[in-house]
Amino acid sequence: MKKLIIFITLFVFVFNIKTATSQNEKLWEFNIWPKKISDMDFYDDNSLCYTYDRATGGEPSGFIIRNLLDTVVTRDIPLSFKPIGFRISREKNMIVFCTLDKIYISDLNVENMDSMEVDEFKLEYVHESEDNIQFFDVNFEENKIAIMQYLKNDGDSVLKGGQQYFSRLLIYDITTKQIVKRLGDIKSTYYLLKYSPDGKYLAVVNNHLFDHSHFVRLINTENYEEVDKIEGKDISIEGLSFSPNSKNLVITLNNPGEQLIFYSLEDFIITSRKYN
């Protein structure tokens, strides 16, 4: 009798695990074909939102909010433009889309929104397909947008078949739609940029093409002056992330040895390095 009870208990335990696993797999797996996701984020604890464009045909792009508890699409809003990404304010009342040459801003009212009316403005200095936006981020606290632009100019460089490649970092004001700060054109590739959650800092990854130097510029958003340069030395920097309380910055290196740098935004020092 004791063995029977143990067997039944184990059977129920294993069955519950398999059921939970099956439910979790079902929860997170859903087919979006023929859509291609261009950017994704959580809308809230139970909902995922993403922008998409069609993999085939000339159908429009769109913005989707999907409930993860039952995988049902709660909103599928067509867009007349093809976004490379989007950002949503913490209050969930504003959304900013970025294309290769424009910024689109809209109030966000998910409950009664069947379409999206956007206010758009074309970015300066974007004239050809080569001069397009690579990365962007939004500081909703200060109504600023940081734009990382990749430029191609004629020159005698041996790189890229006789072309010189530059990166440009611009700060736009959402309200006035004007450039408020130019942070330089350099013969380098800005790889990533990100605002801290509290909006006080902008971190910019700089992977230099010519002298193979790699570093993160930490910029104070009060005056957009550089407050520190965090060296990756000769190792390419692949990613960065702020802690939710904006007190720390983690930098990811493309290195099988040293892989992570932990940086304190309170003391402006590297606190530790993570080795494989």
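**Close-up views of a predicted model**

**View 1. The largest pocket and its lining.** The largest pocket has a volume of about 1,000 Å³. Asp41, Arg87, Ile88, Asp137 and Tyr195 are the closest to its centre among the 35 residues that line it. A pocket here, on a 1 Å grid over the protein atoms alone, is an open set of points where a 1.4 Å probe fits, with protein on both sides within 12 Å along at least five of seven lines; lining residues have an atom within 4 Å of a point. The volume is the space filled by probe spheres set on the points, which are joined across faces, edges and corners. This is a predicted model, in which local features need pLDDT of at least 70 and side-chain atom pairs count only at pLDDT 80 or more, while totals for chains, interfaces and linings use all residues. Residues are numbered from 1 along each chain as its sequence is written, and side-chain values use heavy atoms, with hydrogens and water left out.

**View 2. Strands around the largest pocket.** Five strands each supply at least two residues of the lining: E1 (35-44), E5 (85-88), E9 (132-139), E13 (189-195) and E17 (237-242). E1 gives the most, with seven residues. Strands (E, at least two residues) and helices (H or I, at least four) are DSSP runs, numbered from the N terminus. By residue type, the lining divides into 17 nonpolar, eight polar and ten charged residues. Nonpolar covers Ala, Val, Leu, Ile, Met, Phe, Trp, Tyr, Cys and Pro; charged covers Asp, Glu, Lys and Arg; the others, Gly among them, are polar.

**View 3. Asp39 in strand E1.** Look for Asp39 in strand E1, where its relative accessibility of 19% makes it count as buried. Buried means under 20% relative accessible area, exposed over 50%, and partly exposed in between (1.4 Å probe, protein chains only). The side chain of Asp39 reaches the backbone nitrogen of Phe86 at 3.1 Å and also makes a polar contact with the side chain of Arg87 at 3.2 Å. A polar contact is a pair of N or O atoms within 3.5 Å; within protein, one must be able to donate a hydrogen and the other to accept it, and residues adjacent in sequence count only if both atoms are side-chain atoms.

**View 4. Thr51 in strand E2.** Thr51 belongs to strand E2 (residues 47-54) and counts as buried because its relative accessibility is 0%. Its side chain makes a polar contact with the side chain of Ser38 (2.7 Å). Beyond its neighbours within four places in sequence, Thr51 has contacts (heavy atoms within 4.5 Å) that include Asp39, Gly62, Phe63, Pro83 and Phe97.

**View 5. Phe136 in strand E9.** Strand E9 holds Phe136, which is buried at 5% relative accessibility. Not counting residues up to four places away in sequence, Phe136 touches residues including Phe86, Arg87, Val96, Cys98 and Leu193. Its C-alpha atom is 9.6 Å from that of Tyr195, 59 residues apart along the chain.

**View 6. Lys122 in strand E8.** Lys122 sits in strand E8 (residues 119-122) and is partly exposed, with a relative accessible area of 47%. Apart from residues up to four places away in sequence, Lys122 touches Asp101 and Lys102. The C-alpha atoms of Lys122 and Asp101 are separated by 6.2 Å, although the two residues are 21 apart along the chain.
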